[in-house]
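I opened the model to look up its ring contacts and charges over rings. My notes are below the structure.

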Amino acid sequence: MNKINYILLVCLFFFSCSAQDPTTFSKEALNDTFVTLQGDEITFNDILEAHKGSTLVIDIWASWCKDCVGGMPKVKELQKEHPEVTYIFLSLDKTQDAWKKGIEKYEVEGNHYFMQSGWKGPFGTFVGLDWIPRYMVVDKEGQIKLFKAVEADDAKIKNIL
């Protein structure tokens with residue numbers, strides 16, 4: 001019986017230890033290319049540089065995603081509570097046309113980019129995309145303060161902001 005308890009204790013310890021979330025973006029993620037509303041390509045690094053000095057809330061979403069659309073009122077409430085924050089929306093829509101129509105249809109206000117490399121591209125792989133919506137918070141120095149949240153009203157987001 002002691003052997004079984006020991007094995008259970010070791011398994012519990014092993015599985016309860018989680019890897020620490022990254023605080024900086026990988027080189028591959030920074031070099032991944034996105035598309036602006038004007039149709040220009042831009043690297044994720046250039047997106048971060050354009051908003052340097054601002055706290056960022058990154059929302060990875062798609063207009064076809066029921067949970068993303070259903071969560072938009074929470075995003076809009078967060079925007080009202082924290083107007084000083086820059087909101088970046090990264091779309092996983094299937095086409096750029098659908099992405100642009102979704103922004104208009106759901107009246108999504110912020111900075112918009114299309115994730116042309118998709119779920120399994122360098123950025124998606126770095127953040128371990130397995131569900132959307134997905135929220136991240138990046139501080140004014142470009143450090144990732146919150147790596148993963150799936151609700152815009154997550155207490156971790158509000159505590160950081």
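The entries cover aromatic pairs, then charges over rings, then one lysine.

I am working on a predicted model, where local features need pLDDT of at least 70, side-chain atom pairs count only at pLDDT 80 or more, and totals for chains, interfaces and linings use all residues. Residues are numbered from 1 along each chain as its sequence is written, and side-chain values use heavy atoms, with hydrogens and water left out.

Aromatic pairs. I took rings of Phe, Tyr and Trp (its six-membered ring) as paired if their centres lie within 6.5 Å, with planes under 30 degrees apart stacked, over 60 edge-to-face and the rest tilted. I find eight aromatic pairs by this rule. Phenylalanine 44 and phenylalanine 123 have ring centres 4.6 Å apart and planes at 50°, so I log the pair as tilted. Phenylalanine 44 is in helix α3 and phenylalanine 123 in helix α6, 79 residues apart; helices are DSSP runs of H or I, at least four residues, strands of E, at least two, numbered from the N terminus. Both phenylalanine 44 and phenylalanine 123 are buried (under 20% relative accessible area, with exposed over 50% and partly exposed in between; 1.4 Å probe, protein chains only). One aromatic cluster is formed by Phe25, Phe34, Phe44, Phe123, Phe126 and Phe147.

Charges over rings. The criterion is NZ of Lys or CZ of Arg within 6 Å of the ring centre and within 35 degrees of the ring normal. I find the charged end of arginine 134 over the ring of phenylalanine 147, 5.0 Å from its centre. Lysine 94 lies over the face of tryptophan 64, at 4.5 Å from the ring centre.

Lysine 101. I place lysine 101 in helix α5, and its 54% relative accessibility makes it exposed.
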